[in-house]
Amino acid sequence: MAAFKDRLRKGTEQLFRHFDQGTPIASLVLERSQLIDEVLRDAWAMHLGTSQHACLVAVGGYGRQELQPASDVDILILIEPQREGELTEPLEQLVIFLWDIGLEVGHSVRTVDDCVREASDDVTVMTNLMEARLLCGDDGLFQRMREVTGPDRIWDSEAFFAAKTREQRARWQKYGDTAYTLEPNIKENPGGLRDIQMIGWVAKRHFAAETLHELVDHGFLTEAEHETLVGEQTLLWCIRFALHRLAGRREDRLLFDYQRSLAQGFGFSDGENNLAVEQFMQQYYRTVQELNRLNEMLLQLFREAILLRDEIGPPVPINKRFQSRSGFLEVTSPSVFSRYPIALLEVFHILQTHQELEGVRASTIRMIRENRHRIDDNFRADLRARSLFMEILREPTGITHAFRRMNRYGVLAAYIPAFANIVGRMQYDLLHVYTVDEHTLVLVRNLRRFTIPKHDEEFPLCSAVGRRIPKLELLYLAGLFHDIAKGRGGDHSILGMRDAWEFSRLHGLSDFDSRLVAWLVEQHLVMSMTAQRKDISDPEVIQAFAELIGDPTRLDYLYLLTVADARATNPERWNSWLDALLRELYYSTRRALLRGLDNPQAQDELIAQKQAESMRLVARYGVDPEACNALWRKFGLDFFLHNSPDEIAWQTRQVLEAHPSQCPLVVIRPLTARGGTEVFIYSRDRANLFARTTATLDQMGLNIMDARVITTDDGMAVNSYQVLGPDGAPVDDPLQMEEIRATLETNIAEPLETAIKVARSVPRRHRHFPTETRVTFSADTPNQRTIMRLTTLDRPGLLAEVGAVFHNCGIRLQNAKIATVGAEVDDVFFITSDEAAPITCEKALACLREEIHERLERQDAQG
């Protein structure tokens, strides 16, 4: 055993040396396979001698002789059924031995009849057997297996192609139906190595092709396309090889743990506006995009050859340049694009207006790629091209598919040169889960869904607003350009605004419409930032935002763009809380705009309106108005200013209906208009109440989205927290709500000053995004308070630590806005002194800043 282990170790070390010396990757995967061949043959001889009633067969990737350093070694042991008894023990010892020497073996022991039965039932088993390669043992047994599992016996090429196509679609859906995720799987994601293998499997089953180059001989690939396919496969093989070496195990996910090291290993270095890791990942994403296109084209050609048996239906004319054949669009002549280059855009408009078409014929896709160079400055200056592009934008159907195809075939980047810069561009953070181009196209899709009646239930307000948008094409243009300047240095909103203005004017938009598109691009972040980082219950905040917007039409456009953008940035981080925040800001701003910017609502007027509406609501439940007014007289104006009438009425009822002995009072409301679960606490005020409450909620895995902390004139805390569960959804399970209530009640009533330790660890991904802790202060003069903004790495127990600092420094918290952007938190706290006055002393602010830094650094060191 020691000798075998040493042989594998030395072989692996030699493999790594050859990789560092620049040996071609194709030679390395073959070298690895040959090393394992030798080890397995010797191990077989040691355990089974020269048995003629069994054989050892390499299958799967090992059968193809494509072994990476830590790939599974898939083997099939074929046996004669009558010899099963005598072979059981030596075969068991063989498999144990292989694992003991360090090989991860995927093995099966079958008779020939077993192979036929299992391969007939499972196309994956059939695929493995297709790549079977005899290592040692009974050759006659092996040949019998190959004969009875051939395409003339089971899984003819038509059935095999149909099954593998379904399998690929299912795999793509499992991996999010996109190649452009933060931590892609280089083997299984769309455009990954599995897609290349798919091509090889179909070619082998139908054409008996042993190499990809034979597809050139069969007319499915050009020499240039074959070179591209092999080149892209080579790059993915190199990445996978380096990934296995770096991880020290089989790992096919490009995790954040490895991306920076891989980028350095492949020779990338940080640029002024582009990190090395971003350059490396952009090369990867562009590679899989090209592989995705080749996969689409080849599978369509296979479909024609295998399922249609090259009996393509007669052409159905569409116009002089295009026709339909068997449901796919094709050119009428190979010279169409050279004679009439504008047809490179016309393709996508025809697909929009002819919904019966399934797609573009592979031969025409190839011609589009070969003629993209014709989209030059003269092409872009052609009025026909500009008009056609705007027609695509204005078409009521097919916009999403049109732009996706334009991007996949390289036409979008050719027509809008600035777009080429964002193709495959990643942003190395946890906020953006897609590449910039994919994010942009998902955003356009989201905008489009707001206008489709069957999706009205998803976002009712967005759908209602979308129906009154006068020119949807302006919204789509703003979506296309909102992030187009990412990675160019400077403020991407300003740079993108200039691009959008120029493009709009060149495409015949009026000065008014062009300004609207440019303004939307410039301001596309402002609504989200206002909702998440400012106190939108403050009339002055709403007035300032309304003045920036200017009119209700602009507000409608910006609201839809903001929602579509947020959902396209990271769908998992979109939740009912953010939805409710944006909706509240939209309604408040619309009321301000309709009232008139020169007629802002006074704070006293707003509070009076809220009190009147709240009194009407509590009256439904028989609450005594006198008792209600008596309670409210103890509450400060902040209670009415920062809560809605529904919240005021509900919280008032809880306090008045509770038994006097219920102190602290903890009540859970599963779903509120603000999109979260409300945790309401009415208790004798204590200096560490906020710290203990947030630590308890954090320890229970709840995400605190908002905190409203108020102290009454008689020293009672009226605190309300909006929380979401670990899955980003409100908590509505009665048992879980009762657990939260009981745990909070116990921890809050606990007289000890000891802090509650949050035991949850920092998420793996967050560790790769070191974030500098920054604490800044500003004055909120109209409300007589100080605003503290904290930017730092997101981590469990953060709010509890901040609360402990407030306690130690004698700070009173009035309100908090909790915002997490990727791995970074950007929290805003509205604070005062114990005397409810703004904190103006520089020494006090410096002390507060230093203690927050000290506590968070200590927490990081301990965690």
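Reading a predicted protein chain

Student: How many helices and strands does the protein chain have?

Tutor: The protein chain has 38 helices and 17 strands. Helices (H or I, at least four residues) and strands (E, at least two) are DSSP runs, numbered from the N terminus. The model is predicted, so to speak of local features needs pLDDT of at least 70 and side-chain atom pairs count only at pLDDT 80 or more, while totals for chains, interfaces and linings use all residues. Residues are numbered from 1 along each chain as its sequence is written, and side-chain values use heavy atoms, with hydrogens and water left out.

Student: What percentage of the residues count as buried?

Tutor: Buried means under 20% relative accessible area, exposed over 50%, and partly exposed in between (1.4 Å probe, protein chains only). Of the 863 residues of the protein chain, 56% count as buried.

Student: Which strands make up the open sheet, and in what order?

Tutor: Strands of a sheet pair through backbone hydrogen bonds, either parallel or antiparallel. Two strands count as paired if DSSP finds at least two bridges between them. Here, four strands form an open sheet in the order 5-6-7-8, and the pairing is mixed. Strand 5 (316-317) and strand 8 stand at the edges with a single partner strand each, so one side of each has no neighbour in the sheet.

Student: How many bridges join strand 6 to strand 7?

Tutor: Strand 6 (residues 322-325) and strand 7 run antiparallel and are joined by four bridges. Phe 322 has Val 331 of strand 7 as its bridge partner, and Arg 325 has Phe 328. Two residues lie between the strands of this hairpin, and Ser 326 takes a positive phi near 55 degrees.

Student: In which sense do strand 7 and strand 8 pair?

Tutor: Strand 7 and strand 8 (residues 359-360) pair in the parallel sense, over two bridges. The bridge partner of Leu 329 in strand 8 is Val 360.

Student: Are the residues on the two faces of strand 7 buried or exposed?

Tutor: In strand 7 (residues 328-331), Phe 328 and Glu 330 lie on one side, Leu 329 and Val 331 on the other, and all are buried.

Student: Which residues touch the most other members of the largest nonpolar core?

Tutor: In soluble globular proteins, nonpolar side chains tend to be buried together. A nonpolar core is a set of buried Ala, Val, Leu, Ile, Met, Phe, Trp, Tyr and Cys residues joined through side-chain atoms within 4.5 Å. In the largest one, of 182 residues, Phe 302, Phe 337, Phe 389, Phe 403 and Tyr 559 touch the most other members. Helix 13 (residues 276-306) gives the most to this core, with 16 residues. A second, separate core has 39 residues, including Leu 697 and Val 825.

Student: What does Phe 337 touch?

Tutor: Contact means heavy atoms within 4.5 Å. Not counting residues up to four places away in sequence, Phe 337 touches several residues, among them Phe 322, Val 331 and Met 367.

Student: Why does Ile 79 count as buried?

Tutor: Ile 79 counts as buried because its relative accessibility is 4%. The residue sits in strand 2 (residues 73-79). Ile 79 and Leu 141 are 62 residues apart in sequence, yet 7.8 Å apart in space, C-alpha to C-alpha.
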